[in-house]
Amino acid sequence: MSIPRIYVYKQIIEAKLFIDANFREKIDLELIANQACFSKFHFHRLFKTCYHKTPLEYLTYLRLNEAKTLLSKGVSTQEVCCSIGFESASSFIKLFKKKELMTPLEFSEMKKNNSKKIEQNPLNYIPTDFAQYLGWKT
């Protein structure tokens, strides 16, 4: 007897939603696969087929996006590391640098500098199409 496809898809979607809701926690493939009621190997294969990323790649993607948001707000690297589920700052920094081609501190400084530039000269940062819509010369 085979499992209906709709059940399989529903379980994979539920597992993705579980990752979305819990990415800040210490979760791993086994825990996520258990949420979907599949073996971790079968779940890994199904998730990658559906989302074109492994569950770990997706988890890392969510964590790094949240890290960038927090770093943009001036949160320290150590605080970011702890709040997004990384166990060590060094592994977080190494992964961040690999994916973003800069350290979290460099990213934070870049965002701070960009914000200062926008504050000093906001009209330079209006999209060209919008400026033209308003009738401004670009």
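Predicted model: local features only at pLDDT ≥ 70, side-chain atom pairs only at ≥ 80, totals over all residues.
User: Where does Ile126 sit?

Analyst: Ile126 lies in the loop between helix H7 (104-120) and helix H8 (128-133).

User: And how far apart are Ile126 and Lys68?

Analyst: Their C-alpha atoms are 23 Å apart in space, and in sequence the two are 58 residues apart.

User: Okay, pockets next. What's the volume of the largest one?

Analyst: The largest pocket comes to about 200 Å³.

User: Which residues line the largest pocket?

Analyst: Here's the list: Ile27, Asp28, Leu29, Ile32, His44, Pro55, Leu56, Leu59, Thr60, Arg63, Phe86 and Leu95. By class, that lining has eight nonpolar, two polar and two charged residues.

User: Which helix gives the largest share of that lining?

Analyst: That's H4, with five residues, the largest share. Helix H2 (29-36) and H4 each supply at least two residues of the lining.

User: What does His44 touch, leaving out residues up to four places away in sequence?

Analyst: His44 touches Leu29, Thr54 and Pro55. Of these, Pro55 is 11 residues from His44 in sequence, with 6.5 Å from C-alpha to C-alpha.

User: Is His44 buried, exposed or partly exposed?

Analyst: Its relative accessible area is 30%, so His44 is partly exposed.

User: Back to H4. At what angle do H1 and H4 pack?

Analyst: Helix H1 (residues 5-22) and helix H4 (residues 55-72) pack at about 35°, and their axes are 10 Å apart. As for handedness, H1 passes H4 in a right-handed crossing.

User: Which residues make that contact?

Analyst: H1 brings Lys16, Ile19 and Asp20, while H4 brings Tyr58, Leu59 and Leu62. Sorted by class, the contact has four nonpolar, no polar and two charged residues.

User: Nice. Now backbone angles: what is phi of His52 near?

Analyst: Phi of His52 is near 60°, a positive value in a residue other than glycine. His52 is in the loop between helix H3 (40-51) and H4. With a relative accessible area of 65%, His52 is exposed.

User: What about Leu101, what is its phi?

Analyst: Leu101 isn't a glycine either, and it has a positive phi of about 65°. Leu101 belongs to the loop between helix H6 (89-100) and H7. Its relative accessibility is 74%, so Leu101 counts as exposed.

User: One more residue: where is Val75 found?

Analyst: Val75 is in the loop between H4 and helix H5 (77-83).

User: Which residues is Val75 in contact with, if we skip neighbours within four places in sequence?

Analyst: Those contacts are with Leu70 and Val80. Val75 is partly exposed, at a relative accessible area of 23%.

User: And Val75 to Lys94, how far apart are they?

Analyst: In sequence they are 19 residues apart, and in space 18 Å apart from C-alpha to C-alpha.

Notes: Residues numbered from 1 in each chain as written. Heavy atoms only, no water. Axes fitted to C-alpha atoms, helices over the stretch in contact; angles between N-to-C directions. Helix = DSSP H or I, 4+ residues; strand = E, 2+ residues; numbered from the N terminus. Left-handed = near helix turned anticlockwise from the far one by under 90°. Contact = heavy atoms within 4.5 Å. Nonpolar A, V, L, I, M, F, W, Y, C, P; charged D, E, K, R; others polar. 1 Å grid on protein atoms, 1.4 Å probe; cavity = no way out; pocket = protein on both sides within 12 Å on 5 of 7 lines; lining within 4 Å. Points joined across faces, edges and corners; volume = space filled by probe spheres on them. Buried < 20%, exposed > 50% of the residue type's maximum accessible area, 1.4 Å probe, protein only.
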